[in-house]
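Trainee: I would like to learn how to read a protein model step by step. Could you show me the general idea of each feature before we look at the case itself?

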Amino acid sequence: GCRVWDQYRTFLKDTQAEPDLVRQTYLQQLAIPAENLEEVYQEYCQWEPSADLQTQMAQRFANTQQDLMGPEREEQEAKLKAAADAQARRLLWPEYIALETSDALRLSLSLRALEDCGVPSASADDAESPAQFCLALLALLRKQHPEILRGWSKTCVKLYRSAVLWVHHLHVLEEEKAPFAECKALLCDDVMVHGMPTLSDYADVFLAYLAFCQRCTAGPKSEGVRGDAVEAGRTAVQNAINFFSYHQDVDSIFQVVKLWADVERHTLKDSGKALALYRQ
């Protein structure tokens, strides 16, 4: 995120772009909380030829620091850094998010920061923190701004390749009664094209998707989509078997086969297909 700003600004300078365009990148970046923001400000001061504009930026930067890097935020960052492990940090995220989104301005800037620079620096050594940060933020949006939950849930999936965020987004789509084709594309066009970081993530994604297809084969959710859901589930389980066979992950194969074989036997009343899956 932050490196992109630097590379974009370097490109603008190398191509002799209008100074106002370069200046705008500094204005936008210095409004977003991030690590090493002081370095960006010093770089701006060295580049900016106008003393009056430097003075205006100094005041704006001071206000940003006061609003977004005040003692409350520093205290929360210190707690996150001092947390013993990922589980301890996970318990602190809701409190941190509540501070970061305590008013409309903070919420807007937190969303921009998430999109441009990622999660706070306190989580840099914790692989799980980006997903937990996003989940805490999305939980708040669900309560306070449900109208933008779906869009930001999708953004989080794009930013961080995480099974928990992917499953969360699938549930959001399901809750909002999104077209079945959109939910199907989440697996076919997103996961199978862009991938997941670990085999465990892949297993969680396949199991969640198959459970979703199962819900669409029976009950009120099945109206008008049962046939598509059955076909999508059967295709997904075969893709999962092929994928996990290639990686020699027998446990994951068993989990997906067991789930869908139960669907074939109990929901679709086709014991033959259930047996064929186990034989396969």
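Mentor: Let us begin with burial: a residue is called buried when its relative accessible area is under 20%, exposed when it is over 50%, and partly exposed in between, using a 1.4 Å probe and protein chains only. By that rule Phe 180, at 10% relative accessibility, counts as buried. Please keep in mind that this is a predicted model, in which local features need pLDDT of at least 70 and side-chain atom pairs count only at pLDDT 80 or more, while totals for chains, interfaces and linings use all residues. Residues are numbered from 1 along each chain as its sequence is written, and side-chain values use heavy atoms, with hydrogens and water left out.

Trainee: What is the mean pLDDT of the chain?

Mentor: The pLDDT is the predictor's confidence in each residue, on a scale from 0 to 100. Here the chain has a mean pLDDT of 80, and 79% of its residues reach 70 or more. Over residues 121-125, however, the pLDDT is below 50, although this stretch has nine contacts in the model beyond near neighbours in sequence, a contact being heavy atoms within 4.5 Å. Where pLDDT is low, the predicted coordinates should not be read in detail.

Trainee: How many aromatic pairs does the structure hold?

Mentor: Rings of Phe, Tyr and Trp (for Trp, its six-membered ring) form a pair if their centres lie within 6.5 Å, and the pair is stacked when the planes are under 30 degrees apart, edge-to-face when they are over 60, and tilted for the rest. The structure holds eight such aromatic pairs. One of them joins Tyr 26 and Tyr 44, which are edge-to-face, with 5.3 Å from centre to centre and 65° between the planes.

Trainee: Which helices hold Tyr 26 and Tyr 44?

Mentor: Helices are DSSP runs of H or I with at least four residues, numbered from the N terminus. Tyr 26 lies in helix 2 (residues 19-29) and Tyr 44 in helix 3 (residues 37-47), so their pair ties together parts that are 18 residues apart in sequence. Tyr 26 is buried, with a relative accessible area of 0%, and Tyr 44 is buried as well, at 1%.

The rings of Phe 180 and Phe 212 have centres 5.6 Å apart and planes at 15°, so this pair is stacked. Because Phe 180 lies in helix 11 (residues 180-194) and Phe 212 in helix 12 (residues 199-215), the pair ties together parts that are 32 residues apart in sequence. Phe 212 is buried, with a relative accessible area of 3%. Ring pairs also link Tyr 202, Phe 206, Phe 243 and Phe 244 into a cluster.

Trainee: What lies over the face of Tyr 26?

Mentor: A charge sits over a ring if NZ of Lys or CZ of Arg is within 6 Å of the ring centre and within 35 degrees of the ring normal. In this model Arg 9 lies over the face of Tyr 26, at 4.0 Å from the ring centre.

Trainee: Is helix 12 mostly covered or mostly open, and how should I check its span?

Mentor: The expected span of a helix is 1.5 Å times one less than its number of residues. For the 17 residues of helix 12 this gives 24 Å, which agrees with its end C-alpha atoms, 24 Å apart. Helix 12 is mostly covered, since twelve of its 17 residues are buried, among them Asp 201, Val 205 and Leu 207. Its buried residues pack against helix 10, helix 11, helix 13 (226-246) and helix 14.

Trainee: Which side chain does Ser 252 join by a polar contact?

Mentor: A polar contact is a pair of N or O atoms within 3.5 Å; within protein, one must be able to donate a hydrogen and the other to accept it, and residues adjacent in sequence count only if both atoms are side-chain atoms. Ser 252, which is found in helix 14, has such a contact of 2.8 Å between its side chain and that of Asp 249. Ser 252 is buried, with a relative accessible area of 5%, and touches Ala 203 and Phe 244, not counting residues up to four places away in sequence.

Trainee: Where is Lys 177 found?

Mentor: Lys 177 lies in the loop between helix 10 (163-175) and helix 11. Lys 177 has a positive phi of about 55° although it is not a glycine, and at 72% relative accessibility it counts as exposed.

Terms used
Helix = DSSP H or I, 4+ residues; strand = E, 2+ residues; numbered from the N terminus.
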